[in-house]
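Welcome! Here is a short briefing to read alongside the sequence and the 3D view.

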Amino acid sequence: MEGAKLIIEEINREAEQKIRYILSEAEKQAEDIKAEAEKRARAKAEWILRKAQTQAEIEKQRIIANAKLEIRKKRLALQEEFINEVLRSLKERLANLPKDEYLGIVKDLMLQAVKELGEDRIRVSSNEATLQLIAEKLEEIKAFLNEKTGREIRIELGDKISTIGGVLVENADRTIRVDNTFEARIDRLESELRSRIAKVLFG
């Protein structure tokens, strides 16, 4: 009996040791699992944070870009408004030039047209006031053109047209024309005029 008791006690001791070992291993595994879970959680949290920061930066840049675009649009619209106002003022000034100054301009525009046409007979159209001025100063204008070209220039008064000023000059058979009305010249020079006006107004 005594021997059996000793065997049982030995078995119990071994069982307790195994249980303690198993519990110890289980605790270690639990700690490892917990540490791994915390590590993954931290990594995921960092990834989420980085993603959020990236998205926030993208959104910030989008907002800034949109704001800059809006400012640029408003600036261009304001520039356009100022430029158009200057062009309107220019047309208004041209439409109300003093008679002597305007006559000089008309003579120069007719001379330019004669040189472009390369012909001695021309037909001149313009608004009523300009045609009247040309009729009044016809001999003076012819003398000016003759002197500048070295040729005998014959002038025919043409149609009354809608224009603020300047002249539309054609050859005698009306197959070639040079449009030197103020509107046409402004249109031809508009790009350059806009560039110059923008430089003066906005630097």
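Which residues of α3 are buried? They are T130, L131, L133 and I134, where buried means under 20% relative accessible area, exposed over 50% and partly exposed in between (1.4 Å probe, protein chains only). Please keep in mind that this is a predicted model, in which local features need pLDDT of at least 70 and side-chain atom pairs count only at pLDDT 80 or more, while totals for chains, interfaces and linings use all residues. Residues are numbered from 1 along each chain as its sequence is written, and side-chain values use heavy atoms, with hydrogens and water left out.

**Helix α3**

- Helices (H or I, at least four residues) and strands (E, at least two) are DSSP runs, numbered from the N terminus.
- Seen down the axis of α3, the buried residues fall within an arc of 160°, so they line one face of the helix; the arc is that of the directions from the helix axis to the C-beta atoms.
- On the other side of α3 you will find E128 and A129, which are exposed.
- The buried residues of α3 pack against α2 (99–117), β1, α4 (138–149), β2 and β3.

**The nonpolar core**

- A nonpolar core is a set of buried Ala, Val, Leu, Ile, Met, Phe, Trp, Tyr and Cys residues joined through side-chain atoms within 4.5 Å.
- The largest one has 29 residues, and those with the most contacts inside it are M110, I122, V124, L145, I155 and V167.
- At least two residues of this core come from each of α1, α2, β1, α3, α4, β3 and α5 (182–202).
- Helix α2 gives the most to this core, with 9 residues.
- Domain 1 (1–96) and domain 2 (98–202) each supply at least three residues of this core; the domain bounds come from an automatic or database domain assignment.
- Not counting residues up to four places away in sequence, V167 touches residues including V106, M110, V124, S126, T130 and I134, a contact being heavy atoms within 4.5 Å.

**A buried serine**

- S126 has its place in strand β1 and is buried, with a relative accessible area of 0%.
- A polar atom of the S126 side chain lies 2.6 Å from the backbone oxygen of G166.
- Leaving aside neighbours within four places in sequence, S126 is in contact with L131, D159, K160, I161, T163, G166 and V167.

**Salt bridges**

- Side chains of opposite charge can pair when their charged atoms come close.
- The structure holds 12 salt bridges, each being a side-chain nitrogen of Lys or Arg within 4 Å of a carboxyl oxygen of Asp or Glu.
- E85 and R88 meet in one of them, at 2.7 Å from N to O. Because they are 3 residues apart in helix α1 (residues 2–95), about one helical turn separates them.
- E85 counts as partly exposed at 39% relative accessibility, and R88 does too at 47%.
- E170 forms a salt bridge with R123, their closest N and O atoms being 3.5 Å apart. E170 lies in strand β3 (residues 166–171) and R123 in strand β1 (residues 121–126), so the pair ties together parts that are 47 residues apart in sequence.
- Both E170 and R123 are buried.
- The side chains of K160 and E128 also meet in a salt bridge (3.8 Å, N to O). This pair links distant parts of the chain, with K160 in strand β2 (residues 154–160) and E128 in helix α3 (residues 128–136), 32 residues apart.
- K160 is exposed at a relative accessible area of 56%, and E128 is exposed at 53%.
- A network of salt bridges links R123, E156, D159, E170, R174 and R177.

Definitions and conventions
A polar contact is a pair of N or O atoms within 3.5 Å; within protein, one must be able to donate a hydrogen and the other to accept it, and residues adjacent in sequence count only if both atoms are side-chain atoms.
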